[in-house]
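Biologist: I would like a close look at one strand of this model. Which residues does the strand hold, and what lies on either side?

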Amino acid sequence: MNTATQIALVTGANKGLGLEIARQLGRLGYTILLGARDEARGAEAAKRLQAEGLQVHAIQIDMHNPETFTQAHDRIASEFGHLDCLVNNAGFAADWIYNATNVPIAMLRDTFDANFFGLVELTQILLPLIAKSPAGRIVNQSSVLGSLTLHCAPDGGLDDAKAVAYNSSKTALNAFTVHLAHALKDTPIKVNAAHPGSVKTDANPEGPMSVEEGARTAVRLATLPADGPTGGFFHGDQSLPW
Ligand SMILES: NC(=O)c1ccc[n+]([C@@H]2O[C@H](COP(=O)([O-])OP(=O)(O)OC[C@H]3O[C@@H](n4cnc5c(N)ncnc54)[C@H](OP(=O)(O)O)[C@@H]3O)[C@@H](O)[C@H]2O)c1
């Protein structure tokens, strides 16, 4: 078992922001557990990062399938014995053509199942391993679209971004961030929510930012020093309103 190496798990890391967060943490010397729901896509992405000289292992994590969470826990426990960083990055939006008057309930449930309930369950299952790290870090990949303050502000800039299932799943994730940080306030574990910016990925093909820039917020929060913040919501080092 390897207990000396720093271990980081990034979910939804077979592409997009997750892949780049994995790359940037790998370059900082972390051994990366590259989470992907599809084993073949995960293995392919891990191979790409290994070819860049990084220590990367693919691990199956499907946010709709809690069995993969316990399997991941057992594998990390037996191979590494602890987890230093958990970057809860996996997430999706399916409801851009709907609003609060007509979003299909099945879509709302499906979105919350992965973006919120799955994430909460995975985090709870992995917490005992994170508690074994001297400086555990949990990063919840949120979105500025989860900010109720900005949705309510006449000049908040979110009038054209009212995908209620996605947005409210990120609002719930923000609430979980605050509650989990509070529950862990007397431990070294720090819990923060990240907004990456509007980043060009398959989920946001028109995004103006590169994945390299977009990954930086989560990487900063995953590597915070002991006197860094907990229970916050950040883009870069700027605090965002809940
Ligand atoms: N791009 C932006 O502008 C932006 C802005 C704010 C927040 N975000 C957040 O950043 C995160 C990454 O998004 P992205 O832009 O990089 O999108 P992306 O390129 O579509 O990547 C999303 C990742 O999440 C995975 N995923 C989706 N549903 C999953 C599930 N049920 N179980 C496991 N993995 C699942 C995808 O796996 P598959 O390849 O198997 O589908 C993929 O690896 C998301 O949480 C998103 O909400 C993005």
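Modeller: Here is a walk through strand 4 and its place in the sheet. The model is predicted: local features need pLDDT of at least 70, side-chain atom pairs count only at pLDDT 80 or more, and totals for chains, interfaces and linings use all residues. Numbering starts from 1 along each chain as its sequence is written.

Strand 4 covers residues 85-88. Strands (E, at least two residues) and helices (H or I, at least four) are DSSP runs, numbered from the N terminus. Cys85 and Val87 point one way, Leu86 and Asn88 the other. All are buried, with 20 or more other C-beta atoms within 10 Å of their own, placed from the backbone.

Now the neighbours. Strand 1 (residues 7-10) pairs with strand 4 in the parallel sense, over three bridges; pairing takes at least two DSSP bridges. Here Ala8 stands opposite Cys85. Strand 5 (residues 137-141) also pairs with strand 4 in the parallel sense, over four bridges. Asn88 has Asn140 of strand 5 as its bridge partner. From strand 4, the chain crosses through helix 4 (residues 105-130) to strand 5. This β-α-β crossover is right-handed: the path runs clockwise with the strands pointing away from the viewer.

Strand 8 runs antiparallel to strand 7 (residues 233-235), joined by two bridges. There, His235 has Gln238 as its bridge partner.

Notes: A residue is buried if 20 or more other C-beta atoms lie within 10 Å of its own, exposed if 12 or fewer, and partly exposed in between; C-beta atoms are placed from the backbone.
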